[in-house]
Each structure stands twice: as structure tokens, then as C-alpha cells.
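Let's take a walk through a protein together. Keep the picture open as you read, and look for each part as it comes up.

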Amino acid sequence: MHPRNRQRKNASAMKLVGALVAHFRKAAGMTQRQLADRSNTQPETIASIEQGRRALLPPLACALDDILETKGALGTALEYMPEVDLIPAWAEEYMDLERRALALSFFANQVLPGLLQTEAYARAVFASRVPAFSPEEIDTHVSNRLERQEIMRRKLPPTTSFIVSEAIVRTPLGGTEVHRETLRHLRACADIPGFTLQIMPLDRATHAALDGPFILLETPDYQRLAYTETQRGSQLISDPDEVSILGQRYAMLRTQALNAEETRDLLDRLLGEL
């Protein structure tokens, strides 16, 4: 089943909170656009929340309580909402945010982030999957992954930072030709304005993110979120304390990784070895 057709667990709780937002908004005599303008968000965001398709996150809930004079009702509703609704679990929730993000920061230690993958590299990733995908499924996943990269070609693309393990750029996933193409692609990306690529060397004695990969993002509403994936699941993190911890780790990683110039030099050396 396609992820967008999956029913979110406890979706009724999200619908209830959305219905409360709509009720309070109408009681205040405001349109969705007016509420969006007052809360520095987008009308589509308010509409999605009211329809129960998107989680209301704590910072926005507090803002809406103030604007609508609801005496903390929305914040209280979130406090008692099941965690699966407060923190959406499916990857498509993240991808929706990724498409509209103002800024994105990636740390990867196993495989290149999807936004950096060439078509051949992506095909090698999905061909490595166990249990195996069918050829048709691989084609679909590769197509979807390449479609995600459109955000990098926007007129105003997000400010984007990548820190990737040296092990990733040294692994010949897909074979020598795919490896060479991938390194060339990364080298070209490293020269894009507003785009930062850093490699985390294998010989570092300290490492700020031994717990694994993660992504930080800033939404058009200026909310700061984090996203993590495991073997069989994912988590979108909105708790400010947790996001702050990952932000501190990313800041430390940037000091431990090669800088942008050193990263370009390493890619050049690796290309020269192939």
C-alpha cells in the first residue's frame, strides 16, 4: 500500500484537535488566511491541521491559543494527545516538510542522503534492499527519490548542509562506474552556492553523533524540527529540548568534519584513484 494511503494510528485525535482549531477560529470570526497571517504560517497549514491531516505542533498551538484567546485549550489538548499523533511516524510527513523547508541539515553515516543521490546510486540502494523489491518497485522508488530533488532546483532553494561519513564516499555501492559518477556528482554539488558538503573523516578520535544519522529542518513557520530513521521506523521530533540536543551535536560535528575546501580536496583525490 502506498504510504499516503495508510491510516495513521489514532488519527481521530488529530481530527479532534483540528476540529477544535476550526471551531475556535470561527468563533473568533477569522478566516483561515487571517489566522495564518496572524500566526506567521501558511493558509494551507491551517487547513491541513483543521482537516486532521497534519499535526498541530506545540509552538503553533501556543501561538493559536494566544491569538484565539482560548486559555491554553489547544496546548492542553496536545499535552494529552497520544504520542503517535503528536509526533507523526511516517516518512511522508517528513517529506512534506522537506519540500517547504527554509533550511535542511543532514548527518549520514551509512548511505548518502536522498537529495545527494544520483539515479544510478539510488537504484543501487533500492536493489540492495532485503527482502528484495521487484524491478517495478525499484523504478517507482527511484522516481520518487529523484522527484524529491526538485527542491534543490527551486528559484529559492533551502539553505542546505550535509555532513557525511568518509565511509560512504569510499564505498563503491553499485560498482566502480556508479562510484565514479557519484563522486563527480558530489564534487559538483560542493561548488553550489548556499550548499555545504563536509566529510567526516574515518580517523577522528572523537565523534559527536555515534547514536546515528539525523536531519534538522526549519519550516516556513520558523519551527525547528528533527527527523530520525531506524531499520523499521521513523520519528519526527518537535520537542524543543530534543531538537536542541541534536542541534548541538550537529554544531559539534561541523567542527570535527573536514571543512568545505578540505572536502573538495578529498573528493578530488578519490576521483584520481579511480
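The protein chain contains 13 helices and 6 strands. Keep in mind that this is a predicted model. Let's begin with the overall form. Along its principal axes, the C-alpha trace spans about 70 × 40 × 35 Å. A compact globule with 274 residues would have a radius of gyration near 19 Å, and the 21 Å of this chain agrees with that.

How much of the chain is tucked away? Of the 274 residues, 46% count as buried. The accessible surface comes to about 14,800 Å², and carbon and sulfur atoms hold 52% of it. Among contacts with a separation of 6 or more, 72% are between residues 24 or more positions apart. As for charge, there are 32 positive and 36 negative side chains, and the centres of these two sets lie 3 Å apart.

Now find strand β2, which covers residues 159–165. Is this strand mostly covered or mostly open? Of its 7 residues, 6 are buried. Strand β2 has strand β1 (residues 103–108) as a partner, and the two run parallel, joined by 6 bridges.

Next, move to helix α13, which runs over residues 260–273 and includes Gly-272. Gly-272 counts as exposed because its relative accessibility is 63%, and the cut-off for exposed is over 50%. Although Gly-272 and Arg-180 are 92 residues apart along the chain, their C-alpha atoms are separated by 9.7 Å.

Finally, let's visit some details of the backbone. Most residues other than glycine have a negative phi, and most peptide bonds are trans. Against that background, the bond from Val-130 to Pro-131 is cis, with omega near -5°. Pro-131 sits in the loop between α8 (119–127) and α9 (135–148).

Two other loops hold residues with positive phi. Lys-71 lies between α4 (58–68) and α5 (73–79), and its phi is near 55°. With a relative accessible area of 85%, Lys-71 is exposed. Tyr-222, in the loop between β4 (214–218) and β5 (224–230), has a phi near 65°. Tyr-222 counts as exposed too, at 56% relative accessibility.

How values were computed. Residues are numbered from 1 along each chain as its sequence is written. This is a predicted model: local features need pLDDT of at least 70, side-chain atom pairs count only at pLDDT 80 or more; totals for chains, interfaces and linings use all residues. Side-chain values use heavy atoms; hydrogens and water are left out. Buried means under 20% relative accessible area, exposed over 50%, partly exposed in between (1.4 Å probe, protein chains only). Helices (H or I, at least four residues) and strands (E, at least two) are DSSP runs, numbered from the N terminus. Two strands pair if DSSP finds at least two bridges between them. The radius of gyration is taken over C-alpha atoms; the globule rule is 2.2 Å times the number of residues to the power 0.38. Contact means heavy atoms within 4.5 Å. Accessible areas come from the Shrake-Rupley method with a 1.4 Å probe; for residues, only the protein chains shown count as cover. Lys and Arg count as positive and Asp and Glu as negative; His and the chain ends are not counted. The place of a charge is taken as NZ of Lys, CZ of Arg, CG of Asp or CD of Glu.
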